[in-house]
Amino acid sequence: MHKKIKDITLAPEQYELHAEPSYQFGMNRRKFFSVLGSGIAISFTVVNSIRAELIDNKDTKDSEDLISAWIHVGETGLVTVYTGKAEVGQNIRTSLAQIVADELDVPFNKIDMIMGDTALTPYDRGTFGSRSIPYMGPQLRKAAASAREYLIEMAAVELKTDRKSLQLKQGIIIDQKTKKSVAIGKLTAGKNLVKPINNAVVLKTVDQWTVTGKSVLKVNGEAFITGKHKYVSDMKLPDMLYGKILRAPSYGATPAEVDISAAKELKDVIVVHDGDFIGVAALTSKIASDAIKAIKVQWKTTPQTGRSEIFKYLKDKGSPSNRKDQKTTGNADEAFNKSDIKISQSFNIDYIAHAPLEPRAGVAQWIDDKLTVWTGTQRPFGVQEDLEKIFNIPKENIRVIMPDTGSGYGGKHTGEAGIEAARLAKEAKKAVKVVWSREEEFTWAYFRPAGVIDVKAGITKAGTLSAWEFHNYNSGGSGIETPYVVPNKLIEYHPSDSPLRQGSYRGLAAPANVFARECIMNDLAQAAKIEPLAFRLKNLKEQRMKAVLEAAAEKFGWSSKKASPNHGVGIACGDEKGSYVATCAEVLVDPAGEVSVTRVAVAFECGAIINPIHLENQIMGSVIQGMGGALFEWIDFKDGKIINPTFSSYRIPRFSDSPKLDVVMINRKDIPSLGAGETPILAIAPAIRNAIDDATGKKLYTLPMAPNGISL
Amino acid sequence: MDLLINEKRYTVDANSNESLLNILREKLDLTGSKYGCGEGSCGACTVLINGKATRSCITMAGTVGEKKITTIEGLADEKNLHPVQNALLEADAFQCAYCAPGMVMSAVSLLKSNARPSEADIVRAMQGNICRCGTYPRIVKAIQNASNQ
């Protein structure tokens, strides 16, 4: 049973890319010994969740197959839920609380979620891959249902009645016969429910949901809107110092000679020079910056591949596909040669930045040999493991806490700022905070991989797909499989060598792979003189994909298309992690080649909907964020330097870019709920591309498509 | 240096060329105003100076003088949120909400100068505020709702 929980909550995402820590300390690796004592003492309070405090309310973590690892019913009826998932704006705190409120049957406002805290929550591999709803949701539902059944059993003893006549409603267990009742908090008296989770427990059906499926507003929304919520970058511990790191002038540069003497002479400044790591901690961030400026370094640089040669480089360095990443049916090459209509095309995908509005931040505090790190990471337990390796101390002595964070989009799988703060704090013997500048975030975080995608596709005269060959170099394998029916196909992902640090992104490589595929589908339809929606439907079997295509088309008014001069319309679809999206876009291309997206309709289906108002927000946000990567976001780099590491040089979608946006959410109550943070981003880029083609006859094969408009 | 913030006078030890944002966050613990870019191009640090939306990250403290500074902490009183905050809450606009305080301050400034802004007015006034989560449609709607009250 224990193993099974691990399987569902810990199974690695096949293509999830975890950027390795970018540096290693050469610190004296002496063994630290655990001091006997009463666990980690946290004297500081931080707004982590609904309540404004984080207290050590559990001495040890219970085994994950016990209810008490996940759910605690307090004496007052307050239900505390423990999950290693992290809140980065996807509003999973709200959705998971809804699930527990529903299944346990307690008022929603009695749920307090403790999230992403290695000392308090069960191990979790990380918040990525749209896994929180399909995996953590059922896990908490099972724990809540087991708790419910167990509490009813306890009530039967307490009320001296048959459990069959008892019902738990809104935190109170009532005897239907005698009308006697007992509150669940009274039953537990605050004690842990040290009982196994029953994997066969009967769960409420979708039709019995009362809180799940409803538009519950963001938990603790007022704290955010009033500026009261403390992000890590807002935290301040007693006697805390401000840390700054001396960054290399470029990728591949290492310090050859370092002179820290002038910085060391500054008052109240701690300087750490450890291997390639050079950092300072001081009373104010201003003093820390001055101290960094006082450090003199001779840098040794190595030649670096630049943006101008990146696509050739990635393809040249591309390795043969391994079997896991290869999907072969029939003979794609032979079928291509025999096809009536053929298209062969190469696509270039640039690196882009996640650019979370809150840059990386970390606060670290050592008390004796015990380390606590607060950092905004999607993988608190991963950061704990990194710290374990780096500082060579037992994991039990490391606590990583992840307060609700200023977004991630797959860009915060790591914990650099927390690790840096921990290194400085060790030396300073005081708490240290490190907050990255925007330029640091743009330069030293990791990027959505660049890539080259080569496609060869063929169809019959009647418009039936006959051959499909698809090679992705470096950008990744997610979403690489085609949902269309093709008798002959060869699909391969070729890992390559990336000159820039790269990692996960919203949907991983799927936005790039779906872009290439849906552009080709558009062009094939055009070559066969078949209407592009009809062409897609003709080559699809998957009913769920057809349903989103038809829903988006209907909302958009696709059949009555062909708009005014200089306007064009496009359609595209995609699926990932079990959910389906289709997007129709209308663009205006002005005579100067400036592209604006005027209207979008998007249809999305991810099984039974947990929270419509938040789902719609995820879909809208994905479309708008996706427009950036589609049209104008790209990282420029030369000689190991990022050329555009600012919001004034790296363009991000703004209010004026936001189109008229219609969202259709298909609620499939018969399908288990799935994640929604990633898939809705897939189809916007190809829909825009196909609309530009419709407006101008220009076929674009790059992401981004029009950083400086398009040349007509 | 003396600064008039949220109708309170603060005496802070600061250089005149220090950014107002840094003083607010580091020296006065008014952390509602956020750092996002340091170059005045994302709006996360927006405060009101004499009622007008101003990027505090590129405002040197020495240039503020006797002007009235309002931060997100000074917007709502003990009991009531500002109508813009209420409207944003009702619209459930935000995801990570890191941009929220700056959005609120920019919207408050807009409604002070233009009580009934058109959608185009809102887009123009809010253009300097980035929401990386892409929640723009709901923010626009919330500002419209707030302006209709």
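## A helix and the residue after it

Helices here are DSSP runs of H or I with at least four residues, numbered from the N terminus. With that in hand, look at G697(A), which comes just after α17(A) and takes a positive phi of about 80°. Please keep in mind that this is a predicted model.

The helix itself, α17 of chain A, covers residues 684-696, 13 residues in total. From first C-alpha to last, α17(A) reaches 18 Å, close to the 18 Å expected at 1.5 Å a residue. Is α17(A) largely enclosed by the rest of the structure, or is it open? A residue counts as buried if 20 or more other C-beta atoms lie within 10 Å of its own, and 12 of the 13 residues of α17(A) are buried, so the helix is largely enclosed. Among the buried residues are the charged-group names R689(A), D693(A) and D694(A), along with I684(A), P686(A) and N690(A).

Now for a sheet in chain A, an open one with 3 strands in the order β1-β2-β3 and mixed pairing. Its edge strands are β1 (71-73) and β3 (111-115) of chain A, each pairing on one side only. On average, neighbouring strands of this sheet are turned by 20° against each other, direction ignored.

Strand β2 (residues 79-83) of chain A runs parallel to β3(A), and 5 bridges join the two. Within this pairing, V81(A) has M113(A) of β3(A) as its bridge partner. Helix α2 (residues 92-104) of chain A packs on the sheet and touches β1, β2 and β3 of chain A. The direction of α2(A) makes about 130° with that of β3(A).

## Chain A as a whole

Stepping back, chain A has 17 helices and 27 strands. Its C-alpha atoms fill a box of roughly 80 × 75 × 45 Å along the principal axes. The radius of gyration of chain A is 27 Å, which agrees with the value near 27 Å for a compact globule of 712 residues.

Buried residues make up 55% of the 712 residues in chain A. Of the contacts in chain A with a separation of 6 or more, 79% are between residues 24 or more positions apart.

## Where chain A meets chain B

How many residues of chain A are in contact with chain B? There are 45, and they are in contact with 41 residues of chain B. Three helices of chain A, α5 (221-225), α7 (285-293) and α16 (612-631), each supply at least two residues of the side that touches chain B. The most comes from α16(A), with 6 residues. By class, this side of chain A has 16 nonpolar, 20 polar and 9 charged residues.

Terms used:
Residues numbered from 1 in each chain as written. Chains lettered and ligands numbered in written order. Predicted model: local features only at pLDDT ≥ 70, side-chain atom pairs only at ≥ 80, totals over all residues. Contact = placed C-beta atoms within 7 Å. Expected span 1.5 Å × (residues − 1). Rg over C-alpha atoms; globule rule 2.2 N^0.38 Å. Pairing = 2+ DSSP bridges. Axes fitted to C-alpha atoms, helices over the stretch in contact; angles between N-to-C directions.
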